[in-house]
Amino acid sequence: MFVALPDRVDFWRAVSGGASFRGELALGELPRLRTLLMEPHGVVRFGFDFGRDPDGRGVARATLEAVLRLQCQRCLEVMDYPVSATLTMAAVASLDEVDRLPEGYDPLLLDDRHVRPRDLIEDELLLALPLIPRHASPDCLDAGLLGDAQIEGEALGGPFAALADWRQPHSH
Ligand SMILES: [Zn+2]
């Protein structure tokens, strides 16, 4: 199912109208994220619900779900990294307002009343990326022979040293 997501949403109009958007977006269409993925396949499922919180503040509640295909930095094979995020974003006009936001709110800087939902989705997925992607189990190295060779070659300078040299021709 694909629902077209508007490029720009008038935040205050969406809040007054209680607008909602649901749908899927191809991860390959997010240029900043795409370069960090090992395989740019899959989609992010999103939901945006605009409205007012009990204090009358204009907010957008967002839910995101995706499985990102990253490269494990231990075995260099692909790994599936599930992301599931729920956030409440409130429009702010100044740093003072950011400080006054309740716990758990994310500040949303408006671009002349407008938000770009696609950018919000991409920003959130980028934030969710692990610093160093690795499979949960260290056993993943068993599946990657080059990974083993690299570690032994670097640590011991032993029978794999030639291979290590081949892998890093400019290291001398
Ligand atoms: Zn791995």
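These legends go with a set of close-up views of a predicted model.

View 1. Read from the N terminus, the elements go β-α-β-α-β-β-β-α-β-β-α-α-α. Of the 172 residues, 18% count as buried. Take the contacts with a separation of 6 or more, and 53% of them link residues 24 or more positions apart. As for confidence, the mean pLDDT is 83, with 80% of the residues reaching 70 or more. Treat residues 144-172 with some care: pLDDT is below 50 there, and beyond near neighbours in sequence the stretch has 20 contacts in the model.

**View 2. The five-stranded open sheet.** Here the strands line up as S2-S3-S4-S5-S6, and the pairing is mixed. Going from one strand to the next, the twist averages 30°.

**View 3. Zooming in on the antiparallel pairs.** Start with S2 and S3, which run antiparallel and are joined by seven bridges; in this pair, Gly23 faces Phe46 of S3. Gly51 has Val59 of S4 as its bridge partner. Move on to S4 and S5 and you'll find 13 bridges, again in the antiparallel sense. Val59 turns up here as well, standing opposite Ala90 in S5.

**View 4. Two hairpins and their positive phi angles.** The hairpin of S3 and S4 has five residues between the strands, and Gly56 takes a positive phi near 90° there. In the hairpin of S4 and S5, six residues lie between the strands. This time the residue to look for is Leu76, which isn't a glycine but still has a positive phi of about 70°. Most residues other than glycine have a negative phi. With 16 other C-beta atoms within 10 Å, Leu76 comes out as partly exposed.

**View 5. Arg113, in the loop between S6 and S7.** This loop runs between S6 (105-109) and S7 (114-115), and Arg113 lies in it. Arg113 is not a glycine either, yet its phi is positive at about 75°. Its 13 C-beta neighbours inside 10 Å make Arg113 partly exposed.

**View 6. Inside the largest nonpolar core.** This core has 28 residues, and those touching the most other members are Val44, Phe46, Ala60, Ala62, Leu64 and Ile121. Two or more residues come from each of H1 (11-17), S3 (43-52), S4 (58-71), S5 (78-92) and H4 (117-128). S4 gives the largest share, seven residues. In soluble globular proteins, nonpolar side chains tend to be buried together.

View 7. The buried residues of H4 are Pro117, Leu120, Ile121, Glu122 and Leu125. Setting aside neighbours within four places in sequence, Ile121 is in contact with Leu25, Val44, Phe46 and Leu64. The length of the helix checks out as well: at 1.5 Å a residue, the twelve residues of H4 should span 16 Å, and the end C-alpha atoms are 17 Å apart, which agrees.

Methods. Residues numbered from 1 in each chain as written. Core = buried A, V, L, I, M, F, W, Y, C linked by C-beta atoms within 7 Å. Buried ≥ 20, exposed ≤ 12 C-beta atoms within 10 Å, placed from the backbone. Helix = DSSP H or I, 4+ residues; strand = E, 2+ residues; numbered from the N terminus. Contact = placed C-beta atoms within 7 Å. pLDDT = per-residue confidence, 0-100. Expected span 1.5 Å × (residues − 1). Pairing = 2+ DSSP bridges. Axes fitted to C-alpha atoms, helices over the stretch in contact; angles between N-to-C directions.
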